[in-house]
Each structure stands twice: as structure tokens, then as C-alpha cells.
Amino acid sequence: MHDMSNETLYTVTEAANALGVHPDTLRRWHRAGIAHPLVLPGGNHRRFTREEIERLAALMRPETTEAE
């Protein structure tokens with residue numbers, strides 16, 4: 001189980017703003033298994049950790065290739 005006691009959690013809107021995407025994009029990514037937010041009791045509220053936002057940001061970065 002994830003310990004949320006000392007960790008800042010971000011709403012879908014806050015995480016989307018940090019990533020520069022629409023909140024619906026994060027919801028779609030969650031349904032597709034790409035994003036892994038914490039789902040609060042009741043199931044309708046997602047929260048993202050800073051670590052998860054950073055992981056998603058890394059996935060969004062274009063891969064760089066070395067020039068020949």
C-alpha cells in the first residue's frame with residue numbers, strides 16, 4: 001500500500017497543467033494503463049504524485065538521437 005501521509009498529491013487538473021496536457025488526456029492515459037494515479041476511496045478521484053508526473057513528463061519527451 002502507498003503511504004500518502006507526507007507526500008504532496010496533485011489533482012488531475014494540477015497534474016495536467018504541469019504536463020501541458022488536457023485533464024481528459026490524463027484520464028485517458030489512466031484508462032489505457034499509461035498513467036498510474038492513486039485512486040481515492042469511492043473511485044472517482046485520482047491524485048498524482050510528483051514522481052508519477054515526472055515519469056509521465058519523461059515519457060512525453062522526444063527521444064534524442066546523436067548526430068552523425
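A: L56 counts as buried because its relative accessibility is 1%; buried means under 20% relative accessible area, exposed over 50% and partly exposed in between (1.4 Å probe, protein chains only). The model is predicted, so local features need pLDDT of at least 70 and side-chain atom pairs count only at pLDDT 80 or more, while totals for chains, interfaces and linings use all residues. Residues are numbered from 1 along each chain as its sequence is written, and side-chain values use heavy atoms, with hydrogens and water left out.

L56 lies in helix α3; helices (H or I, at least four residues) and strands (E, at least two) are DSSP runs, numbered from the N terminus. Leaving aside neighbours within four places in sequence, L56 is in contact (heavy atoms within 4.5 Å) with L19, L26, W29, I34, A35 and F48.

L56 belongs to the largest nonpolar core, whose 11 residues are V12, A15, A16, L19, V21, L26, W29, A35, F48, I53 and L56. A nonpolar core is a set of buried Ala, Val, Leu, Ile, Met, Phe, Trp, Tyr and Cys residues joined through side-chain atoms within 4.5 Å. At least two residues of this core come from each of α1 (12–19), α2 (23–32) and α3 (50–60). The largest share, four residues, is supplied by α1.

R46 is buried yet has no salt bridge, and the nearest side chain of opposite charge, D24, is 8.0 Å away. A salt bridge is a side-chain nitrogen of Lys or Arg within 4 Å of a carboxyl oxygen of Asp or Glu; Lys and Arg count as positive, Asp and Glu as negative, and His and the chain ends are not counted. The side chains of R46 and H30 are joined by a polar contact of 2.8 Å. Not counting residues up to four places away in sequence, R46 touches Y10, T11, V12, R27, H30, P37 and L38.

For the protein chain as a whole, the secondary structure comes to three helices and three strands, in the order β-α-α-β-β-α along the sequence. Buried residues make up 26% of its 68 residues. Among contacts between residues at least 6 apart in sequence, 49% join residues at least 24 apart.

Technical notes. Polar contact = N/O pair within 3.5 Å; in protein donor to acceptor, adjacent residues only side chain to side chain.
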